[in-house]
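Please find below my notes on the model under review.

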Amino acid sequence: MQPRNMSMSGVVDLAAVKAAGEAKVKAEQARAEAARQGGAGAVPPSALVIDVDEAAFEYDVIQRSAEVPVVIDFWAEWCQPCKQLGPLLERLAHEYNGRFVLAKIDVDANQMLMQQFGIQGIPAVFAVVAGQALPLFQGVAPEDQIRQTLDQLIQVGEERFGLTGITVDQGAADEADRVPAEAPAGPYDALLEAAVRALDANDFDGAVQAYRNVLSDDPANTEAKLGLAQAELLARVKDLDASKVRGDAAERPADVTAQLAAADLDLVGGHVEDAFGRLVETVRRTAGEDRDAARLRLLELFEVIGPDDPRVGAARTALARVLF
């Protein structure tokens, strides 16, 4: 898939000479104050990934960014692409070992922050460096692209603001490593874990097969059903040219294939209601095999979001209206 890559293009604008100078002074003042009070000291590995809400944003993100770049992951429980990107960002936060902190913000519970950052779709990833907000990327990006973006971010933090990161208490990390792993809870854990690893590696075909292997023995396995729907969606969109797909859909509203592809992109970008509405309208205006194709794709996207999401219920009602 081709996410909307905002990369580090905003750095020059947001950290222009005057703003950078002011931010650097503030960062130095914050570090000096911390040193005067005895220093922040080493932090446990658990402090590298934090959940942040509106009440704690000033302290956990703005103030913390005077010491270390803070990467913000805007996500939601219903967002399946978020469930692919989130664990990858968490793993990288621990791997980078204090060179940045990952702040996770649930957009459903923090609408004000979502509006302040101008979030149009999730997952969306930003950074705050010495109080300066930088857009990084939107959607699920390949790991090598994310690493490159993080390396640029860290370089900007060091060179322009003197941010050297935070010290991680390796003793605490070693102690965590000594905690024995829990025994598998069920007969399909190995297959499900293999599917997740395949998703992390962008091996969507491998993930699809792993989930199907579970469902062949246990058709009611909820985790496998959701995972399969997600993997199939990501496999469909990975090679799409987003601009061409959206252009085709706009020019040919009666072209079912174009509408299906555009709906997939809508969902991956976090535009759930747009995806559902597009397919309901396609069902309304078509007949025969075309109508069945649009209806079945809509049902597949319901699986990606989950049956308990209110938008799924609303779309089911809208679908019933156009069908009957």
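**Notes on selected local features**

1. Lys104 counts as buried because its relative accessibility is 10%, where buried means under 20% relative accessible area (exposed is over 50%, partly exposed in between; 1.4 Å probe, protein chains only). Lys104 belongs to strand β4 (residues 101–106); helices (H or I, at least four residues) and strands (E, at least two) are DSSP runs, numbered from the N terminus.

2. On the basis of these notes: this is a predicted model, in which local features need pLDDT of at least 70 and side-chain atom pairs count only at pLDDT 80 or more, while totals for chains, interfaces and linings use all residues. Residues are numbered from 1 along each chain as its sequence is written, and side-chain values use heavy atoms, with hydrogens and water left out.

3. The Lys104 side chain has a polar contact of 2.9 Å with the side chain of Asp73 and another of 3.4 Å with that of Glu90. A polar contact is a pair of N or O atoms within 3.5 Å; within protein, one must be able to donate a hydrogen and the other to accept it, and residues adjacent in sequence count only if both atoms are side-chain atoms. Beyond its neighbours within four places in sequence, Lys104 also has contacts (heavy atoms within 4.5 Å) with residues including Val49, Ile50, Asp51, Val52 and Trp75.

4. Helix α10 (residues 222–237) comprises 16 residues and spans 23 Å from first to last C-alpha, close to the expected 22 Å, the expected span being 1.5 Å times one less than the number of residues. Among the buried residues of α10 are Leu228, Leu233, Leu234 and Val237; the elements covering its buried residues include α4 (80–96), α8 (189–200) and α14 (288–305).

5. The axes of α10 and α14 come within 8 Å and cross at roughly 120° (lines fitted to C-alpha atoms, for helices over the stretch in contact; angles run from 0 to 180 degrees between N-to-C directions). The two helices are therefore oblique. The contact involves, among others, Leu226 and Leu233 of α10 and Leu301 and Val304 of α14.

6. Gly162, which follows α6, has a positive phi near 70°.

Definitions and conventions. Parallel < 35°, antiparallel > 145°, perpendicular 65-115°, else oblique.
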